[in-house]
Amino acid sequence: MLKSYFKIAWRNLNRHKSFAFINIFGLSLGIACALLIFALVRYHLSFDTFHTKKDRIYRVTTEWHDEILSRSPGAPRPLANAIKNDFGFAEQVARFVSYNNTLVSLPGSADNKKFQEEEGVAYAESAFFSMFDYPLLRGDYKTLLHQPNEALITERIAIKYFGSENPIGKVLKINNEKDYIVKGILKNLPSNTQVKQEIFLSFLDDDTNWGGVYKGSQCYVLLKKNAKIEDAISALTNLPKKYYEGKQANVWKFKLQALNNIHFNTQLDGYINKSYLWALSFIGLLLLVTACINFINLATAQAINRSKEVGIRKVLGSKRKQLFWQFIAETTIITLLATILAQGIASITLPVINQLLQTDVRLQLFSGWQMPLFIGVLTSIVIFLSGSYPGLVLSGFKPIRALQSKINQKEIGGLSLRRILVIGQ
C-alpha cells in the first residue's frame, strides 16, 4: 500500500511539473534558511563548551564606579597573586596576556624568516593549560612554560614556520627583542573558542601596579569543587579595600564572569548578544512557515483541477483516509526533494556567510548527530504543516459534485482562507 502511494504520487508530480518545481524550489529556500540559521546558532552556542571544567571556570573583570560606570574584560596583573594568597575559593588561578599584530622571526633560519601574526601572541601561566582543555601533541604540561623564555605553538604554526622539521628546540624572536625556545606543540585550536592566538610564551611578571588595566591582560579562576560562587563574589567585593586607598577603594570593583558568558557579553568584548540568536531563530521559523504557506496556497489553488481525480478514486472505492495519505505521500516526495536541494543551497551559501560574519560555521551534514536530527525533525514538521490541510480538503470532496465539476472555492476553503494565509505571510 505504501509503495502504491508513492508510485501514484510520483506520477502526479510528473504530470504537473511546473507545480512540483515551484513547490520544491520554494520549500528548499525556506529549509535552506532554517539549516543555515540552525548551524549559525549551534556554532555560537558551542563556544568553549568542550572544556571539562567549564562550569567552574570564571574570568575576573573590572568595573569602575565613578561618575559613569565603565567595564573592562581585563584585570590588574597583581590580582591573580592576591586571589591565590588571600582567599581559599580558587583551585587554580592563571594570567593570560595577549598582544595583536606581533612580529615573529626565526633567527636560526637561513634567510631569517619573519611573520606578521595578526592574532599576535599570548603570555600565559602554566596553570592556564591545566584549567582549559587544549590537547598537547608534544611536550609535557607539568613542565611547559614554567621557565623563562619558553614557547608553546600550535601544529599549524609549526608547519607554517618549520615545515617538516622538528620544531622542538627552535628559536622564535618576538618583535626583534627577545628569544623564546619552542618546548611544546598544541593540537590546532578549535574555531569555537575565545582564544585566537597560536603562540604562547612564558609568563614571568613581577608587576605590582594595581592602577592600570589592559583589556588583553586577563585573569582566569578555577573554583574548587566545593566552593560557592557567592563566597567568591563576596571576597572579590571586599578586595579593593585592601589594595586601594581613599576614594579608589570604592571606585574599583572586581566581578566574576562565567566562561559560558564571555562569548555573549558584548559589554565585555563578546562577539554577539545571545538575544540576537533567539531573534535569528524566530526569523528562521517565520521563513519556514512562509514557505509552508506558499505550498498550501498553491495546493488549494490546484484543488479544483484535481477534483475529478478524487471523484473517480472515491467511486472506485477509495476511502477518505486513503486519499489523505495519498496527498501526504506527494508532499513527502516534494519535501524530500526540497530538503536535498536545500542542503546544496546551504553548502554553496555558507562560505559567503562565514566570510561576511568572520565565523567558521560548518553544516556537518554527515558528522555528529545534531544536524541530521534537526533535518529529520524539520522534514517531518514541513510534511505535516504543508500536507495536512490540502490532504484534508482534497480527500473531503463529494464524488458526485467532483465528477460533475461543481467543486467551488468555498469547498476548498474559499478565498477567505487564502487571504488569511497571505496576510499571515
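**Sequence separation of contacts in the predicted chain.** Among contacts (heavy atoms within 4.5 Å) between residues at least 6 apart in sequence, 76% join residues at least 24 apart. The chain has 15 helices and 13 strands, taken as DSSP runs (H or I of at least four residues for helices, E of at least two for strands) and numbered from the N terminus. This is a predicted model, in which local features need pLDDT of at least 70 and side-chain atom pairs count only at pLDDT 80 or more, whereas totals for chains, interfaces and linings use all residues. Residues are numbered from 1 along each chain as its sequence is written, and side-chain values use heavy atoms, with hydrogens and water left out.

**The largest pocket.** Its volume, the space filled by probe spheres set on grid points joined across faces, edges and corners, is about 1000 Å³. Of the 36 lining residues, the closest to the pocket centre are Glu119, Gln194, Lys196, Gln197 and Asp269. A pocket here is an open set of points on a 1 Å grid over the protein atoms alone, with protein on both sides within 12 Å along at least five of seven lines, and a cavity is a set where a 1.4 Å probe fits but cannot get out; lining residues have an atom within 4 Å of a point.

**Elements lining the largest pocket.** Strand 3 gives the most to this lining, with 3 residues.

**The second largest cavity.** This cavity has a volume of about 30 Å³, and its lining consists of Ser126, Phe129, Ser130, Tyr141, Leu144, Leu145 and Leu152.
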